[in-house]
Every structure is written in C-alpha cells, then in structure tokens.
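I opened this model to look up its fold, its copies and its aromatic pairs. My notes follow in the order in which I looked.

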Protein chains: 2
Amino acid sequence: MEHAVLAAIASPRRREILRLVWNREMAAGDIAAAMPDVTFGAVSLQLRALQEAGLVVCRPDQKNRFYKAKRATLGLVAKSLERMWDDALWRLKLAAQLEATRRGPAPRRKHHKPQK
Amino acid sequence: MEHAVLAAIASPRRREILRLVWNREMAAGDIAAAMPDVTFGAVSLQLRALQEAGLVVCRPDQKNRFYKAKRATLGLVAKSLERMWDDALWRLKLAAQLEATRRGPAPRRKHHKPQK
DNA sequence: AATTCATTTTAGTTTCATCTAAATTACAGC
DNA sequence: GCTGTAATTTAGATGAAACTAAAATGAATT
C-alpha cells in the first residue's frame, strides 16, 4: 500500500468510478454516462489517476476501452470499501422502506409536558 | 468507515502525525517539535482534522494536551497503515545497511560484453 | 491581576486537485 | 483519402486544502 492508493480512494468521484467497475468491466463512455454531472474528459482524467495508482486496469477493444477494478491492489482495504458501499445501500433501503410503510401522523419527538 | 476517515489518512502530514501517536500519547508541542518543517499552528489544525475524523483523542492535562491514535476507527485499515510504515522502515534499514557494509568499488549494473 | 507557557484560532496566501471546453489522437467503416 | 465515433489530452478557471504569521485563549504561577 502506498500513498497513491490512499490518495486515490480519498476522492468520492474516484470511489464512485471504482464502485462501477468493481464487479464488471465497463467502457469509459458508459462510466462517463453514469455520471451526468461531469464531462467525459473529467472522468477520463480520474480513470487515469486510478490506473496510475494501480486500482484499475484497461483493456482496449475496437474503439472502446474497458476498465475494471484491480481489487488486489487494495488488500484489506477492499473489504472496508465494500462495507462502506453496503452500509450506504442499507441506509438508503431502510430510509425508503420507512417512507413507504409509514401510515398515520408524522413521527413525533419525545413528548414534553405542556407548559402551564 | 466514512469519507472523513479516508480523506484524513490521504494526507501524508496527517499520517505522519498519526504514526507518532500510534503507540503512545504525545503532547501537541512535542508532535509539532517532531516536524520542524511546519509551524505549530499548522500541526494544531491537522490535529483538529484528525480529531474530527475520530482518528485521535485528546486528553488535556495541566497546560498540555495529549493526543493518541484511536485505532479502532480505522478498522481493517489500521493493519494496512502499519504494514505501510513497517515496509518503509524496512526499506530504510536495508538501504542504510547496504550503505554501511559496502566495501570496494561501487555496485555494478549487469555486465555487457564490450563492443568490438 | 499580571506573566508565562502551551495551544488554538483567525485571516490571508500559496499550492494543489478538479473541473470545463476545446483540441487531439486512435480506430473503424466507407 | 475522408467521416464518424470513442476516448484522451491540453490549457485555463475555480475551489478547497494546507500553510504562515499573528492574535487570542486557557491554565498555572507569581
């Protein structure tokens, strides 16, 4: 583990990319399309950073370049990242479920005795 | 593990501090004294960042404030950091030993046949 | 209450990362 | 060759992080 790796995963944007290519490989264009808030160029730069840190590998194929995560580089940290993503998902699902199943009046805060 | 933790350990300066207080607690002034290339103020700011990330705890005592690492916050990543530091030490020691025990002419690169 | 020591905080500057828009490269099909 | 698609690269703008110097805080000592 070197500095470059820690610096790479410190960026939310790069973690977002890393998560996309964690289990499957994806073309650069599809990665960029999954992030409508930035330009293709910006994504390409981050892909380069990830590649230089050894966190992704690139496979050129025809006009496309397919990226996928190189999990081994992260060692134990891979598990931490996965947990981080799972926890975030879990929180989202929980929030959605609470919202969907809620009936009746809005949840109350702890009750206080009315002032005289 | 949240973003704040990853962001905190992405900084070499904060890692340097974290390493100092990894096994023992240290007064802020002593930490700053161990880093002659920056001011006390700068170190204090980084200590605050580490504290906000939950990576150190502070114990006031008289005029001093003693900081120590809160390793639990790092979970598995703690091991990765330790390995990182050990590896760096190992490399330094190896280099020092090579330098100290070297005798005779400087080490040669792989021999090539002389050109005719 | 004034002084000293240890530390934090503030305000301003520099440095660095990230982004955009546009130019450029690379590859394939016509 | 030219055209179109996929991606990278460049140059420049913007914002955040890290630093410094100086001022402010807090706790002990006189």
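In which helix of chain B is Glu52(B) found? I find Glu52(B) in helix H4 of chain B, residues 40-52. Helices here are DSSP runs of H or I with at least four residues, strands are runs of E with at least two, and both are numbered from the N terminus. Glu52(B) counts as exposed, because its relative accessibility is 66%. The scale I use calls a residue buried under 20% relative accessible area, exposed over 50% and partly exposed in between, with a 1.4 Å probe and protein chains only. I also looked up Glu52(B) against Ala4(B): they are 48 residues apart in sequence, and their C-alpha atoms are 8.2 Å apart in space.

Conventions, noted once. The model is predicted, so local features need pLDDT of at least 70 and side-chain atom pairs pLDDT 80 or more, while totals for chains, interfaces and linings use all residues. Residues are numbered from 1 along each chain as its sequence is written, chains are lettered from A and ligands numbered from 1 in the order written, and side-chain values use heavy atoms, with hydrogens and water left out.

Next, chain A as a whole. I count five helices and three strands in chain A, in the sequence pattern α-α-β-α-α-β-β-α. Of its 116 residues, 32% are buried. Taking contact as heavy atoms within 4.5 Å, I looked at contacts in chain A between residues at least 6 apart in sequence, and 56% of them join residues at least 24 apart. Chain A exposes about 8,400 Å², with carbon and sulfur atoms supplying 54% of that area; accessible areas are by the Shrake-Rupley method with a 1.4 Å probe, and for residues only the protein chains shown count as cover.

Strands pair if DSSP finds at least two bridges between them; S2(A) and S3(A), residues 64-69, are joined by six. Pro60(A) is opposite Arg65(A) in S3(A).

Then the aromatic rings. Rings of Phe, Tyr and Trp (its six-membered ring) pair if their centres lie within 6.5 Å, and planes under 30 degrees apart are stacked, over 60 edge-to-face and the rest tilted. I get two aromatic pairs over all chains. The ring centres of Trp22(A) and Trp85(A) are 5.2 Å apart and the planes are at 80 degrees, so this pair is edge-to-face. Trp22(A) is in the loop between H2 (12-20) and S1 of chain A and Trp85(A) is in H5 (residues 77-101), so the pair ties together parts 63 residues apart in sequence. Trp22(A) is buried at 6% relative accessible area, and Trp85(A) is buried at 12%. In chain B, Trp22(B) and Trp85(B) also form an edge-to-face pair, with centres 5.2 Å apart and planes at 80 degrees.

Last, the copies. Chain A superposes on chain B by a rotation of 180 degrees with 0.0 Å of shift along its axis, at RMSD 0.1 Å. That is the relation of a two-fold axis.

Methods: Least-squares fit on C-alpha atoms with pLDDT ≥ 70 in both.
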